[in-house]
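The structure is shown first.

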Amino acid sequence: MIVPTFFGITIVAFGFVRVLPGDPILALAGERGVKPERYQELLVQFGFDKPIWEQYFTYLVNLFQGDFGTSIATKRPVLDEFLTLFPATVELALCAIVFAVLLGIPAGIISAVKRGSWFDQTTMGIALAGYSMPIFWWGLLLIIFFSGTLGWTPVSGRISLLYYFPQVTGFMLIDSFLSGQSGAFKSAFMHLILPTIVLGTIPLAVIARQTRSAMLEVLGEDYVRTARAKGLGQVQVIGVHALRNALIPVITTIGLQVGVLLAGAILTETIFSWPGIGKWMVDSIFRRDYPSVQGGLVLIALIVMVVNLTVDVLYGLINPRIRHQ
Amino acid sequence: MTDTQTKNIDQTVVKAEVRNAQLQMLNEFWHYFSANKGAVIGLVIVGFMVFVAAFAPWLAPHDAGHQYRDAFLMPPVWETGGSWKFILGTDAVGRDMLSRLIHGSRFSLFIGVIVVSISLTGGIIIGLVAGYFRGWVDTIIMRIMDIILAFPSLLMALVLVAILGPGLVNAMIAIAIVLQPHFARLTRAAVMSEANREYVTSAKVAGAGHMRLMFKTILPNCLAPLIVQATLSFSTAILDAAALGFLGMGAQPPTPEWGTMLAEAREFVLRAWWVVTFPGIAILVTVLAINLVGDGLRDALDPKLKRS
């Protein structure tokens, strides 16, 4: 399953540069243009004179050796670029998913238990609105209110320029804490808070809705009635007997949010000038930095694939019905 | 039943019976759909949007592209400095916000209709072929769908637009390509569960060809999940098109597309809240209404959820 999909992804990324309008070498040369002799030289240098299947094969071999090409804009290897920026996106995505889980699961549980109450109706109304939210607009609104009107949070970036400390983990929250500079952690935290809310909104809505419906299904099951009949308290029935079973589909949902998060990161990072791979991809597309786009595509698709696979495995581990098969 | 008896059945009676059964199904559908209050509200809003879009030139108080040189960034009527001439204020080059929003509804609905039509048709054909023929055809088709789905949808759409060139039409094509695998998968799954039913076998025995079996026998019985998915994709299409417009890859200025309007308004975020707020509200309300309808459709069409 994975292997053919991986090769498919590489074909898509390889084909990407070939189907772009215009000559790749002229694109590389930029506005200055290129002399005919130099053009021939470059043609040979990049291997464009070889048959297409041979070019693809070379590309694949390079990929397996960790060579994802060189960025036109920065002249650095694409993989290096990606790995420098990746922690920023991971930090943001992790915070967003934690935000979504911490709010979404309790909200979903209470909604299911108090089905039809005002709490349920309000929560589900908000969840549907969150699910329908154009998040790039949501980000702008939060900036208007919290950064503009109230002046509480900064508008862009990961940390105030006042602070400088070496990168240890790549996660600004941890690094700023380790640096021991007073105010650094607070600055990092304040920079993170709005992007987290923006990126976490759709996952929050999806998780709340999914938890509610999974919980409702489980609450009607016989074993829940048995638990009640045994005289167990509400907390134990819901917290232990019902929740454990209801969480199984919820965890799958959380795993599926990774693709959503990476797509959302493109918009969130652009709005908040967050130096992660989402913004980098958009910038690369606009700069026509095709090696970066090509490499980024493969790496992002790989990450999505690996995460989906992990979720599948986890699903098997936590779901006894599959585990015992 | 013998031949003589079959011939004696009055065809008009059969047709009337069929019509009755269809009416009853429709009635039942409306019964479940209208039980969901949110869905009815959503439907009313969608109806209103369609009305606004259809009569945009007559409803809009001003020309959507006309720049009033004496009214740059004029606030809405209820703010100090606002005027009844521009009820929702004007943008940075003096265009009337309300008129632009009204005209923008045309783009959003147009995007939704076109994208869903393309991806639905493509997805149904691909899914039918894969689910009906199985074997290597199925394997190849589904692998390609997996590959498309391995990329985050917005990223894939962005890259496709980069290849095709920025613009509304190319953005719609890109979004349709990205949404299409969902329909293909859904159709394939439905076809596979239907293909071995007795009615299909009996049609096959009666001599129906591949085309008839696929499109006339099996497809009508797979429509329920596809209709729900189509509604949800409608809202995704509007959101993604707006996002592409916002990133500068969708409709190009001065088109009054809501996402593009937001992109133009970005630099005035902290100075003129109205140029940012209203286009977003328009997107949110439209998408929310369509999602409400989608939820209602799912409740009404999904037999598992019916409590009869």
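This is a predicted model: local features need pLDDT of at least 70, side-chain atom pairs count only at pLDDT 80 or more; totals for chains, interfaces and linings use all residues.

Arg134(B) counts as partly exposed because it has 14 C-beta neighbours inside 10 Å. Chain A has a residue with positive phi too: for Lys75(A), not a glycine, the angle is near 60°. Lys75(A) belongs to the loop between helix H4 (52–64) and helix H5 (78–113) of chain A.

The peptide bond between Pro253(B) and Pro254(B) is cis, with omega about 5°. Pro254(B) is located in the loop between H11 and helix H12 (258–265) of chain B. For reference, most residues other than glycine have a negative phi, and most peptide bonds are trans.

## Fold of chain B

Chain B contains 13 helices and zero strands. Its C-alpha trace spans about 85 × 45 × 30 Å along the principal axes. Of its 308 residues, 44% count as buried. Among contacts in chain B between residues at least 6 apart in sequence, 69% join residues at least 24 apart.

An unreviewed UniProt entry lists residues 105–294 of chain B as "domain: ABC transmembrane type-1". Over that range the chain is 82% helix and 0% strand, and the end C-alpha atoms are 19 Å apart.

## Contact between the chains

The contact takes 36 residues from chain A and 34 residues from chain B. On the chain B side, helix H6 (135–150), helix H7 (153–164), helix H11 (223–246) and H13 each supply at least two residues. H13(B) gives the largest share of that side, ten residues. By class, the side of chain B that touches chain A has 26 nonpolar, five polar and three charged residues.

## Packing of H7(A) on H13(B)

Helix H7 (residues 135–149) of chain A packs against helix H13 (residues 273–301) of chain B at an angle of about 145°, with the axes 10 Å apart. The crossing of H7(A) and H13(B) is left-handed.

From H7(A), the residues involved are Trp137(A), Leu140(A), Leu141(A) and Ile144(A). They meet Trp273(B), Val276(B), Thr277(B), Gly280(B) and Ile283(B) of H13(B). This contact of H7(A) with H13(B) has seven nonpolar, two polar and no charged residues.

Technical notes
Residues are numbered from 1 along each chain as its sequence is written. Chains are lettered from A and ligands numbered from 1 in the order in which they are written. Axes are lines fitted to C-alpha atoms, for helices over the stretch in contact, and angles run from 0 to 180 degrees between N-to-C directions. Helices (H or I, at least four residues) and strands (E, at least two) are DSSP runs, numbered from the N terminus. A crossing is left-handed if the near helix is turned anticlockwise from the far one by less than a right angle, and right-handed if clockwise. Two residues are in contact if their C-beta atoms, placed from the backbone, lie within 7 Å. Ala, Val, Leu, Ile, Met, Phe, Trp, Tyr, Cys and Pro count as nonpolar, Asp, Glu, Lys and Arg as charged, and the others, Gly among them, as polar. UniProt positions are given in the numbering used here, feature names are shortened, and annotations may be inferred rather than shown by experiment. A residue is buried if 20 or more other C-beta atoms lie within 10 Å of its own, exposed if 12 or fewer, and partly exposed in between; C-beta atoms are placed from the backbone.
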